[in-house]
Amino acid sequence: MVSKVRRGMVSPEDASRTIHGSAAMLGLQLAETLPENTLIVTGMRKQVTKDHIAKAFKEFGEIESAAVSSKQRGFGVVRYRSPKSVQNAMNRFRYGEIVVQDVGVMIRVLKVDSGEVDFTRQYSNERGRVR
């Protein structure tokens with residue numbers, strides 16, 4: 001990974017996230033924790049693009065990257081440059097609504113806790129609440 005950073009193939013931040021994420025999935029402890037700067041977005045229309053997500057979430061801070069699931073599954077990820085932006089989005093979500101393409105969405109912070117990546121999420125649909 002170091003050689004890829006030195007050659008400019010990968011940014012230092014992306015390399016750090018890759019290493020931390022891999023270590024967390026393997027249950028290895030690292031000296032530093034990964035900053036919580038990524039949101040998982042669920043409950044979106046299946047036609048949503050990464051541009052729609054970026055437009056809806058840019059008001060909370062500078063977005064590093066945004067992505068949507070393949071095969072139109074209705075979820076995506078927003079990665080901010082700063083954990084403060086994630087807190088701004090979570091505050092809005094707690095007391096209001098975040099809308100992507102005219103649909104209120106659910107968000108969760110992607111967390112790395114005690115060596116495990118927490119991918120849990122909650123969302124609702126017409127048939128009832130799923131947890």
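**A tour of the sheet and its helices**

Begin by selecting helix α3 (residues 50-57), which lies across β1 (38-42), β2, β3 and β6 and runs at about 135° to β2. Such angles, from 0 to 180 degrees, are taken between the N-to-C directions of axes, which are lines fitted to C-alpha atoms, for helices over the stretch in contact. Contact means heavy atoms within 4.5 Å. Helices (H or I, at least four residues) and strands (E, at least two) are DSSP runs, numbered from the N terminus.

The model is predicted: local features need pLDDT of at least 70, side-chain atom pairs count only at pLDDT 80 or more, and totals for chains, interfaces and linings use all residues. Residues are numbered from 1 along each chain as its sequence is written, and side-chain values use heavy atoms, with hydrogens and water left out.

Next, select helix α4 (residues 83-95), which packs on the sheet and touches β1, β3 and β6. The direction of α4 makes about 140° with that of β6.

Now display the strands. They form an open sheet of 4 strands in the order β2-β3-β1-β6, with antiparallel pairing; two strands pair if DSSP finds at least two bridges between them. Because β2 (63-68) and β6 (106-109) stand at the edges with a single partner strand each, one side of each has no neighbour in the sheet. From one strand to the next, the twist averages 20°.

Zoom in on β2 and β3 (residues 76-80), an antiparallel pair over 5 bridges. Here I63 stands opposite Y80 in β3.

Finally, select D14 in helix α2 (residues 12-26). Leaving aside neighbours within four places in sequence, D14 is in contact with E64 and R79.
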